[in-house]
Amino acid sequence: MSKLKNMRLVEIPRFRAVSSGAHTLGEIFGKESSFQSWVNAHEHLLKKHLFEPLDFLWHEDRDIDRSVWILAVQDDVTERDVAPYEIVEFPGGMFLVATGDENDCADLEETVSGMYAWIGSSDVFEYGDFPVSGMCNMPNPDGAIDKALGIAQQQIFLPLKFRGSNS
């Protein structure tokens with residue numbers, strides 16, 4: 001197996017999360033009535049993190065026009081607490097992770113291409129099943145570090161499974 005080449009493998013456990021449902025990025029992050037606005041008003045329901053954000057965004061079935069954003073919720077949060085949104089169970093899994101500059105399409109493309117190449121040359125892993133598009137998050141959601149660096153770090157998570165397995 002080849003070295004990780006500035007990537008890492010992680011296991012994400014199963015967890016409960018509030019979901020935006022499949023919407024356009026504008027509907028998720030845009031106007032006052034967006035999911036982002038709801039999140040900002042309900043941060044007390046969300047799980048806090050030590051150093052990794054507990055949220056993920058992915059495109060629905062590789063359709064880049066419809067995305068889903070989930071954020072881990074506290075154990076005692078109910079469906080009623082998150083209305084009009086819903087609680088979903090993120091299944092967890094194994095992921096190959098790398099970081100690219102969200103504001104630089106060439107950098108993101110190079111990062112993702114390198115990840116696919118690593119998976120393709122792996123004797124142990126193959127591309128996983130969920131989410132089909134892979135997923136991402138921002139490791140510094142308040143933006144201070146990214147502003148200092150002059151980039152927007154985006155962590156890219158591609159799903160993995162053991163070669164030859166059905167899950």
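Me: Is K161 buried or exposed?
Reply: K161 is buried, since its relative accessible area is 12%. Buried means under 20% relative accessible area, exposed means over 50%, and partly exposed lies in between, with a 1.4 Å probe and protein chains only. Please note that this is a predicted model, in which local features need pLDDT of at least 70, side-chain atom pairs count only at pLDDT 80 or more, and totals for chains, interfaces and linings use all residues. Residues are numbered from 1 along each chain as its sequence is written, and side-chain values use heavy atoms, with hydrogens and water left out.

Me: Which side chain does K161 meet in a salt bridge?
Reply: The partner of K161 is D129, at 3.2 Å from N to O. A salt bridge is a side-chain nitrogen of Lys or Arg within 4 Å of a carboxyl oxygen of Asp or Glu. The pair links distant parts of the chain, with K161 in strand β9 and D129 in the loop between β7 (125-127) and β8 (135-137), 32 residues apart. Helices (H or I, at least four residues) and strands (E, at least two) are DSSP runs, numbered from the N terminus. D129 is partly exposed, with a relative accessible area of 44%.

Me: How many salt bridges does a search of the whole structure find?
Reply: The search finds four. One of them joins the side chains of E89 and R14 at 3.5 Å, N to O. E89 lies in strand β5 and R14 in the loop between β1 and β2 (15-19), so this pair ties together parts that are 75 residues apart in sequence. E89 is partly exposed at 47% relative accessible area, while R14 is exposed at 54%.

Me: Back to β9, then. Which strand does β9 pair with, and in what sense?
Reply: Strand β9 (residues 153-162) pairs with β6 in the antiparallel sense, over eight bridges. Two strands pair if DSSP finds at least two bridges between them. In this pairing, A98 stands opposite I156 in β9. Strand β1 (residues 8-12) also pairs with β6 in the antiparallel sense, over five bridges, and there L9 stands opposite L96 in β6.

Me: Why is β6 largely enclosed by the rest of the structure?
Reply: Strand β6 (residues 93-101) is largely enclosed because seven of its nine residues are buried.

Me: New topic: how many aromatic pairs are there?
Reply: The structure holds 17 aromatic pairs. Rings of Phe, Tyr and Trp (its six-membered ring) pair if their centres lie within 6.5 Å; planes under 30 degrees apart count as stacked, over 60 as edge-to-face and the rest as tilted. F35 and W38 form a stacked pair, 5.9 Å centre to centre with 5° between the planes. Both residues lie in helix α2 (residues 35-41), three residues apart, about one turn of the helix. F35 and W38 are both buried.

Me: Which residues touch the most other members of the largest nonpolar core?
Reply: Of its 16 residues, V18, F35, W38, V39, W69, L71 and V82 touch the most other members. A nonpolar core is a set of buried Ala, Val, Leu, Ile, Met, Phe, Trp, Tyr and Cys residues joined through side-chain atoms within 4.5 Å. The largest share of this core, three residues, comes from α2. In soluble globular proteins, nonpolar side chains tend to be buried together.
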